[in-house]
Amino acid sequence: IATAASYPYNSTSSSSPGQCSQGGHIAGAIVTDVASVPAGDEAALASWVANNGPAAIAVDASGWQFYTGGVLSNCSAGPVNHDALVVGYDNSSSTPVAASSRDGSYNGSAEAQATVGYWIVKNSWGTTWGEKGYAHLAMGAGKDCGVTTSPWTVAASTPVATVFDWRTQGAINAVWNQHKCGDVVAIDIATIAAANMYLADRTAADKTGLVALSIDQMTACADG
């Protein structure tokens, strides 16, 4: 995948990808593998995120446009229709601070929020959505929008902490505002690949830091 600096995100809102540009780009990452865990395994998903980095998820985001903050505890769990990214979780029964007013009927009461674990999820609808582009989804069957329906780039092991968030490690790029539906998978791949390289680079003598990778290359050049 090319760096975002050498291949900027200029995709349009149309259903077709932009014109592919083949040359003159700086290589930023090589995607070598994809991993998965059994569906419905919250412990395995949390463990992967804590030990390896962010994981992409397929969710039912039917009502997400109304989310403004807090823990989303009565989320729809119908057919999946959107892709997002788990960057952390909190099992310590703490309540996150909302970036704007909560819709109590949709996000659940403050009392309920204080006693439930939640996923920290990065979306691709810009920073004006949710909590500066992020959502907190309650853990538990029927409450998490289908977070564990079909996670990818995940593998099973034991959780190492009750609270974990890769944003505090400097491993997550800025929130994108997707231009069309199909761009979200490319956005997630770019975020995961950049985080993996950053984490591998932490012990290197010559550190390059967190690199932004190209979205348009993956959407426009998918067939090439």
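Which residue lies over the face of Y134? In this predicted model, that residue is R167, placed at 4.3 Å from the ring centre, where a charge is taken to sit over a ring if NZ of Lys or CZ of Arg is within 6 Å of the ring centre and within 35 degrees of the ring normal. R167 also forms a salt bridge with D165, the closest N and O atoms being 2.7 Å apart; a salt bridge is defined here as a side-chain nitrogen of Lys or Arg within 4 Å of a carboxyl oxygen of Asp or Glu, and by this rule the count comes to one. D165 is buried, with a relative accessible area of 12%, whereas R167 is partly exposed at 33% (buried means under 20% relative accessible area, exposed over 50% and partly exposed in between, with a 1.4 Å probe and protein chains only).

Because the model is predicted, local features need pLDDT of at least 70 and side-chain atom pairs count only at pLDDT 80 or more, while totals for chains, interfaces and linings use all residues. Residues are numbered from 1 along each chain as its sequence is written, and side-chain values use heavy atoms, with hydrogens and water left out.

The protein chain contains five helices and six strands, which follow the pattern α-β-β-β-α-α-β-β-β-α-α along the sequence; helices (H or I, at least four residues) and strands (E, at least two) are DSSP runs, numbered from the N terminus. Of the 224 residues in the protein chain, 50% are buried. Among contacts with a separation of 6 or more, 79% come from residues 24 or more positions apart, a contact being heavy atoms within 4.5 Å.

Seven aromatic pairs are found in the structure. Rings of Phe, Tyr and Trp (its six-membered ring) pair if their centres lie within 6.5 Å, and planes under 30 degrees apart count as stacked, over 60 as edge-to-face and the rest as tilted. Y9 and W176 form an edge-to-face pair, with 5.1 Å centre to centre and 90 degrees between the planes. Since Y9 lies in the segment before α1 (42-52) and W176 in the loop between β6 (163-165) and α4 (183-201), this pair ties together parts that are 167 residues apart in sequence. Both Y9 and W176 are buried. Y89 and W119 also form an edge-to-face pair, at 6.3 Å centre to centre and 75 degrees between the planes; Y89 lies in strand β3 (residues 82-90) and W119 in strand β4 (residues 118-122), so the pair ties together parts that are 30 residues apart in sequence. Y89 is buried, with a relative accessible area of 0%, and W119 is likewise buried, at 0%.

Leaving aside residues up to four places away in sequence, V147 touches L45, I57, A58, V59, V86, W119 and L137.
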